[in-house]
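Here's a quick briefing to read alongside the model. Have the sequence and the 3D view open as you go.

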Amino acid sequence: YWSAPGAHNPTSAVYGGRMVEASRIFFWAWDARPYPWYPALTHVWGDTANHERGHWLNGRLDGVSVETLIHAILDDWNFPVEARALEATGAQVAGYVLDRPMSARAAIEPLLTAFSLDAVHAGNRLAVRRRARRPSFAIDVDELVDADAEAPLYEKTRLGAAELPRAVTLKYLDEAAEHRAAAVRMRTVEEGGIVAAGEESGREPVLEAALPAVLPQSVVGGHAAVMLRRARADHERLSAVVSWKHLALEPGDVFILRRDGADAGQWRIERIDEEPGLSRRIIAVAHDPLSLEPPPWPARRHTAAGRRPLPAPLAVLLDLPRMRDRDPPEHPLTAAFSDPWPGAVAMKRSGAVEATLLDAPAVMGELLDALPPADPWLYQRGVSVRVRLYRGRLASVTEQALFTGANAAAIGDPATGAWEIVQFRQAVLEAPNVWRLSMFLRGQRGSEPELAEHPPGSRFVLLDDALRPMRDVGLADAGNVLTLRAGPANRDEADATWKEFGVPFAARGLRPLSPVHLRRAVLPGGDWAFTWIRRSRVPEAADAWSAGDAPLAEAREGYVLEISDAADASATPVRRVEVTAPRYVWSLAEQGADFSAGLPPQLRVRVAQLSETLGPGACAERIFIT
């Protein structure tokens, strides 16, 4: 900041400094109350008028001056800086919309019209000036050139009263109504004043203009009144030829016409036409600088009075086994919840451009009771837990609907990324947003490795159509901790409602499911034959019971089998082999080599299907008595 020199800021002959010294200027003060609830909540605060007319800086630093906006537009069109001269306009806007390709002139034309500005060629530069300027010189009638002996020395014309606009409509984007399109309409009355008007009747001339700028109604109303005054004043025009003495005249200049020593009105030059010799014809309109001062106009009350502040949405990444054939197995699912819902929530990797868009809130909540562990795939009878939903509803289903996939939910801890898929048959509402669930099927869809006790506070997410796959996370990210960001899609990422979080990713959608029916047969001679049946992570195909074996979802069939002493759960396996079929024969010789002192009372056998991308999948385990 600096003190601009000039006659308006003179230097003191006493202390040698400027009358206004920038080093002694301070900002004061900032109101910490949240916008737009202040000034919208007039029933809470009684000084809401201070937001526009008080000493608070709020509402004054979040806009841009019109001359700065015009500079920015000219910069975008590569208009040379040295070829422009913009004076201070005293007006500012909170935003400006350019919604289609256009010329620089078309981009700034609405600003010139609404804020009473002139864009003229001054020498070799484009000059933007305020029309509200005082006369800078005078022209005497005796100085006019008699260019045509048969024509008058100068000519005044004016439109008939019936041709003058009696109303104006100025369209804009309302700052107090969440930037929605709005319009100010006003008309003149018989007494010469200007009042607000409704829809035009179509029976009288109406001036219409559109300003694609974000502004408060109070500012737009004042400038719309100026537009109407200006249109009615410009009906009187002057045409005259001046001599070479006035070669410095430019469009936009204001002068006084004098006749017989008396003033014959103030005029603003609109156009200059070249005449033979050094004379020039000026076309001017009547000028009244006082009519260009915007009158006060009532402000629109902010529309945020009934809203609650928008919170940061609760977003989770669900690294789950594949749920349906149409789900991409390599991509995790995303879910989000917010109350109120912002319309859509975006989730993206930190620093990425593309985002996953969630256009509906998930049915999400948390456990109020602990859910104890149980055997997978069997009804967990005699157990019920309460779930508090943040919003939404649940319902009981029939057994047939349950077996076709209804009421599936993910329960787990978002921080660890481990989610068990459960299904529940019964749901009873016990209190507002509190549901009691029972008749669980546990470890569903291949999530039995995550089957565990879930303590109170564990997250509950209903697996429905509100979830979306996150397609920029895939196999290459397996084993990494992802840094994600989520927030309202209609807010900038720098907004406080956007939050960053980390979550481990294991690509469980590509993990082979654990085999089933692990059995042992003792063959003649003492060999042991282990057999099992594979499962497929292709859900619908695997449920086709009449189709024979489950389809192979991997590039090739392979399994890893481990044998260890069951007495020590942490013991290193004595044998680890890979086979290409669901069968392995542990010969009597291998038994002696693995256990030279004889077989222990119990053996632990684990089998897992192999994946070329992730290695061993979930394992089947069984204890065999020797």
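Let's begin with a pair of strands: β13 (residues 236-242) and β16 run antiparallel and are joined by six bridges. Bear in mind that this is a predicted model.

- β16 covers residues 280-286, and six of its seven residues are buried, so call it mostly covered.
- Five residues lie between the strands in the β15 and β16 hairpin, where G277 takes a positive phi near 75°.

**Aromatic pairs**
- The structure has nine aromatic pairs.
- One of them is F530 with F624, a tilted pair at 5.7 Å centre to centre with 50° between the planes.
- F530 sits in β31 (residues 528-533) and F624 in β36 (residues 615-625), so this pair ties together parts 94 residues apart in sequence.
- F530 and F624 are both buried.
- W586 and F595 make an edge-to-face pair, because their planes stand at 75°, with ring centres 6.4 Å apart.
- Both W586 and F595 are buried too.

**Arginines over rings**
- R520 lies over the face of W528, 4.4 Å from the ring centre.
- R33 does likewise with Y38, at 3.8 Å from the ring centre.

Technical notes
Residues numbered from 1 in each chain as written. Predicted model: local features only at pLDDT ≥ 70, side-chain atom pairs only at ≥ 80, totals over all residues. Heavy atoms only, no water. Buried < 20%, exposed > 50% of the residue type's maximum accessible area, 1.4 Å probe, protein only. Helix = DSSP H or I, 4+ residues; strand = E, 2+ residues; numbered from the N terminus. Pairing = 2+ DSSP bridges. Phe/Tyr/Trp six-rings, centres within 6.5 Å; stacked < 30°, edge-to-face > 60°. Lys NZ or Arg CZ within 6 Å of the ring centre and 35° of its normal.
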